[in-house]
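Subject: Handover of a structure

Dear colleague,

Please find the structure below, together with its sequence.

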Amino acid sequence: MTDQKRRIGILRLLDCAPVIIAGEFGFFTDAGIDATISIEPSWANIADKLAYGLLDAAVILGPLALAMTLGLRGRPTALRLAATISRDGNAIVLAPDLAQSADLAAANGLRFAVVHAYSTHDLLLRDWLAARGVMPETVTIITLPPAAMPAALASGAIAGFCAGAPWGAVAAREGIGTIVATSATIAPGHPEKLLVIRADVADRNPMLAAALRHAIGAATALCQMPDRRAALAALLAQPGNLDLPADILAEALVPLPGNPVFMTGTALRPTPRDLLWSTDRLQRAGSLSGIDALTAKTILLTPADLPTEG
Amino acid sequence: MDILIADTDPARAETLAARLAAQTGTGRIRIAPPLQNLADIVSRERPDIVIVDMARPDRDSLEQLRTIATHRMPVMLFIDEDDPAFMEEAIRAGVVSYHVNAASITDIKPILRSAIALYRHASARETRLAAAEAELSDRRLIEAAKRLLMRRDKMTEPAAHRFLQRRAMERQMRLPEVARALLRGVTAGEADARDAGETTP
């Protein structure tokens, strides 16, 4: 394609695995992309580095991509959706005694943790609370790194959390928490990790989005092969990669409710419906106006290789 | 001015605290204890400005605008809209600042500038150099292994690339490691054949 280097930002999360796999197996090179993968410690880093041009592309959460595009979080930064990498994969975990309680609305001063203020996890938690008769505005929602959530639950600092795999399973296995809901029960098939490109980079390189989907697709196809699972988990577990226990990663790659579902082939193409999933809920939470939603859709969903309608 | 420093490197935090004390004169300068949640420290200590090391995984906790707003304490990432080059410099150096109260750009900028100078001088440069070197050597290894396969086994370049990929998958190794193993095997073999006493790198 070009000899230009593309810096792709990810977090140490299971559903970022396809980017690591694509790098390790040379799928980016096959697609004509000279990719450098940058593992970042926080979503805030992903956002800031995209905003100031230190990253060209990144794996991101839909609500954060919307917030960045609209200037709700830091410098307004136009992004283009290149791929829907994964769907589902999140779990809501409560302290065991609270999980037993029939009436959640009666409990006062509940504190929950999510991974970022603008996250699918925050929106799923709000959906779930509302369905149980709890006004989301009446609870406190704080932000923690997912790896810190099981300990925070054990210490009583929080009553529950919503996070991606494998953190729900980790808390459940250690007896710290009970998984009371997963993506599959709250909002089956919801968009989770998205790949975005800075709009200026995408517009200068109209074939980049398709090339990235090609490379990621080769990686997600591998993730879906049962006989590859152990080998991939071992590779991902390395300290330079996800740095998580291989057995936990291998379990999280099994297609079970609560685990991420990786998109392959044409299913990687971003759709207006996926964007609507976030905009609808952000509007309900009061973070977005109707005009905002329309503006964001126009910016995020107009890469050169996508039809603007549909 | 009340400044909180949240650094992953205790020595650098001390240096910055000393510099800022000399620079700002009045006010308080504190260092956030490590291993404590940043949002908790900020709600307790209520500084005007928080200087944050971008390596902190709990930086996201400062972005929970809605919930902290209920304590009437909006925490905002400092952005100089008129000076994107300055912001890029900060982020490249690996340091950002948040302001808790209505501190002005003219107050914040010199403080952040001092932090940038210190960060850039210390770790950020080393990290970049190390990453660049590692990447360069990775690419060199792969290229060298491909050349070897093309020469020794008469493979085309794409075939050599596929061979290395396949081996990486089979052996659950990174591509550069496969290349290194291949090259090492060959150099060791050649050395044996040439001269048993010769050491190989």
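To begin with one pair of residues in this predicted model: Arg7(A) has Thr36(A) in S2(A) as its bridge partner. The strand that pairs here with S2(A) is S1 of chain A (residues 5-10); the two run parallel and are joined by six bridges.

Both strands belong to an open sheet of chain A, in which five strands follow one another in the order S2-S1-S3-S11-S4 with mixed pairing. Strand S2 (34-39) and strand S4 (79-84) of chain A form the edges, each pairing on one side only. On average, and with direction ignored, neighbouring strands of this sheet are turned by 30° against each other. H3(A) packs on the sheet, where it touches S1, strand S3 (57-61), S4 and strand S11 (193-198) of chain A. The direction of H3(A) makes about 135° with that of S3(A).

Chain A as a whole

Chain A contains 15 helices and 12 strands. Its radius of gyration is 19 Å, close to the 19 Å given by the globule rule for 310 residues, so chain A is as compact as a globular protein of that length.

The domains of chain A

Chain A is divided into domain 1, made up of 4-87 + 190-308, and domain 2, which covers 90-186. The C-alpha centres of the two domains of chain A lie 24 Å apart. Where they touch, domain 1 of chain A contributes 22 residues and domain 2 of chain A contributes 18 residues. On the side of domain 1 of chain A, at least two residues each come from helix H4 (62-70), helix H13 (246-252) and helix H14 (272-284) of chain A. H4(A) gives the largest share of that side, with four residues. Sorted by class, the side of domain 1 of chain A that touches domain 2 of chain A holds 12 nonpolar, five polar and five charged residues.

Helix pairs in chain A

H4(A) and H14(A), named above for the domain contact, also meet each other. Their axes come within 9 Å and cross at roughly 75°. That angle makes H4(A) roughly perpendicular to H14(A). From H4(A), the residues involved are Gly62(A), Pro63(A) and Leu66(A); from H14(A), they are Asp274(A), Leu275(A), Ser278(A), Thr279(A) and Leu282(A). The residues of this contact divide into four nonpolar, three polar and one charged.

A further helix pair consists of H1 (residues 17-24) and H11 (residues 208-223) of chain A, whose axes come within 8 Å and cross at roughly 105°. H1(A) and H11(A) are therefore roughly perpendicular to each other. In H1(A), the contact involves Ala17(A), Pro18(A), Val19(A), Ile21(A) and Ala22(A). These meet Ala215(A), Ile216(A), Ala218(A), Ala219(A), Thr220(A), Leu222(A) and Cys223(A) in H11(A). By class, the residues of the contact of H1(A) with H11(A) are 11 nonpolar, one polar and no charged.

The contact of chain A with chain B

Chain A puts 29 residues into its contact with chain B, and chain B puts in 30 residues. Helix H3 (43-51), strand S8 (140-143) and helix H12 (229-237) of chain A each supply at least two residues of the side of chain A that touches chain B. H3(A) provides the largest share of that side, five residues. H3(A) is also the helix described above as packing on the sheet of chain A. In terms of class, the side of chain A that touches chain B has 15 nonpolar, nine polar and five charged residues.

The sheet of chain B

Chain B has an open sheet of five strands in the order S2-S1-S3-S5-S4, again with mixed pairing. Its edge strands are S2 (28-31) and S4 (76-77) of chain B, each of which pairs on one side only. Strand S1 (residues 2-6) of chain B pairs with S2(B) in the parallel sense over four bridges. Leu4(B) has Arg30(B) in S2(B) as its bridge partner. Helix H1 (residues 10-24) of chain B lies across S1, S2 and strand S3 (49-53) of chain B, and runs at about 175° to S2(B).

With kind regards

Notes. Residues numbered from 1 in each chain as written. Chains lettered and ligands numbered in written order. Predicted model: local features only at pLDDT ≥ 70, side-chain atom pairs only at ≥ 80, totals over all residues. Axes fitted to C-alpha atoms, helices over the stretch in contact; angles between N-to-C directions. Parallel < 35°, antiparallel > 145°, perpendicular 65-115°, else oblique. Contact = placed C-beta atoms within 7 Å. Nonpolar A, V, L, I, M, F, W, Y, C, P; charged D, E, K, R; others polar. Pairing = 2+ DSSP bridges. Domains from an automatic or database assignment. Rg over C-alpha atoms; globule rule 2.2 N^0.38 Å.
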